[in-house]
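Subject: Structure handover and notes

Hello,

Here is the structure for your files. My notes on it follow below.

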Amino acid sequence: ADAHDEKPRKRKGAAAKSPVLARAEKLRARARAAGSAEKWEEAAKLYGQACTLLGRAPGEGEPPEAASEEGRLLQQCQLNLALCCVKREIWDQARDVCTEVLKRDARCGTAYYRRAQALLAEDSPDAAVWDLQQAARLSLEGSSQGSSGPGGWAAMRKSIGGKRLSRLSLG
């Protein structure tokens, strides 16, 4: 499960959801179920379909407006797609998806954190440390996407290989 996979809030008096948004939410729900069952390949496929439906495949074209409901759902689906890639050890795709999120929202600590996981696995420890510093800074600032979850910085460091990073300054 992922802390960023919240259901979009319904506004009082809001218009009915678009068919695209409704379909993307159904895909996300199916993807969440697959991820909860640790069926990462299936979940990744469904998150990818939701991203495509919301206006583009990760890495292509222009995103929906960041403040829109579709934009928020796209970001959630992309972050969860990146998580699936990390679980499947598809590091280049995880890195690329996170970079796309960061192009729209440079304050997304989760994207920095997941990209750091990929960078470390790709043997780029200096870049991974930089991304971890950004994730930690955003977490401390209380960014809505900055929290690394239970355990905070220590859990973040441990989860991506604290032994490999222990010789480096995380500042």
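Arg115 counts as buried, because its relative accessibility is 15% (buried means under 20% relative accessible area, exposed over 50%, and partly exposed in between, with a 1.4 Å probe and protein chains only). Arg115 belongs to helix 5, residues 109–121 (helices are DSSP runs of H or I with at least four residues, strands are runs of E with at least two, and both are numbered from the N terminus). Beyond its neighbours within four places in sequence, Arg115 is in contact with Arg95, Cys98, Thr99, Leu102, Trp130 and Asp131 (contact means heavy atoms within 4.5 Å). One of these, Arg95, is 20 residues from Arg115 in sequence, with 4.8 Å between the two C-alpha atoms.

Some conventions before the rest. This is a predicted model, in which local features need pLDDT of at least 70 and side-chain atom pairs count only at pLDDT 80 or more, while totals for chains, interfaces and linings use all residues. Residues are numbered from 1 along each chain as its sequence is written, and side-chain values use heavy atoms, with hydrogens and water left out.

Overall content

The chain has eight helices and zero strands, so written from the N terminus its elements read α-α-α-α-α-α-α-α. Of its 171 residues, 45% count as buried. Taking contacts between residues at least 6 apart in sequence, 56% join residues at least 24 apart.

Helix 1 and helix 2

Two packed helices are described by the angle between their axes and the distance between the axes. Helix 1 (residues 19–36) packs on helix 2 at an angle of about 165°, and the axes are 8 Å apart (axes are lines fitted to C-alpha atoms, for helices over the stretch in contact, and angles run from 0 to 180 degrees between N-to-C directions). The two helices are therefore roughly antiparallel to each other (angles over 145 degrees count as roughly antiparallel, under 35 as roughly parallel, 65 to 115 as roughly perpendicular and the rest as oblique). Helix 1 passes helix 2 in a left-handed crossing (left-handed if the near helix is turned anticlockwise from the far one by less than a right angle, right-handed if clockwise).

On the helix 1 side, the contact is made by Val20, Arg23, Ala24, Leu27, Arg28, Arg30, Ala31, Arg32, Ala34 and Gly35. Helix 2 contributes Trp40, Glu42, Ala43, Leu46, Tyr47, Gln49, Ala50 and Leu53. By class, this contact has 11 nonpolar, two polar and five charged residues (Ala, Val, Leu, Ile, Met, Phe, Trp, Tyr, Cys and Pro count as nonpolar, Asp, Glu, Lys and Arg as charged, and the others, Gly among them, as polar).

Leu46 lies in helix 2 and is buried, with a relative accessible area of 4%. Not counting residues up to four places away in sequence, Leu46 touches Leu27, Arg30 and Ala31. The C-alpha atoms of Leu46 and Leu81 are separated by 8.6 Å, and the two residues are 35 apart along the chain.

Helix 2 and helix 3

The axes of helix 2 (residues 40–53) and helix 3 (residues 69–87) come within 9 Å and cross at roughly 155°. This pair is therefore also roughly antiparallel, and helix 2 passes helix 3 in a left-handed crossing. The contact involves Trp40, Ala43, Ala44, Tyr47, Gly48, Ala50 and Cys51 of helix 2, together with Leu74, Cys77, Gln78, Asn80, Leu81, Cys84 and Lys87 of helix 3. Its residues divide into 10 nonpolar, three polar and one charged.

Helix 3 is mostly covered, with 16 of its 19 residues buried. At 1.5 Å a residue, the 19 residues should span 27 Å, and the end C-alpha atoms of helix 3 are 27 Å apart, which agrees (the expected span is 1.5 Å times one less than the number of residues).

Positive phi values

Which residue in the loop between helix 1 and helix 2 should be noted here? Glu38 is found there, and has a positive phi of about 60° although it is not a glycine. Glu38 is exposed, with a relative accessible area of 59%. Glu38 and Lys87 are 49 residues apart in sequence and 8.8 Å apart in space, C-alpha to C-alpha.

At 55% relative accessibility, Glu89 counts as exposed.

Regards
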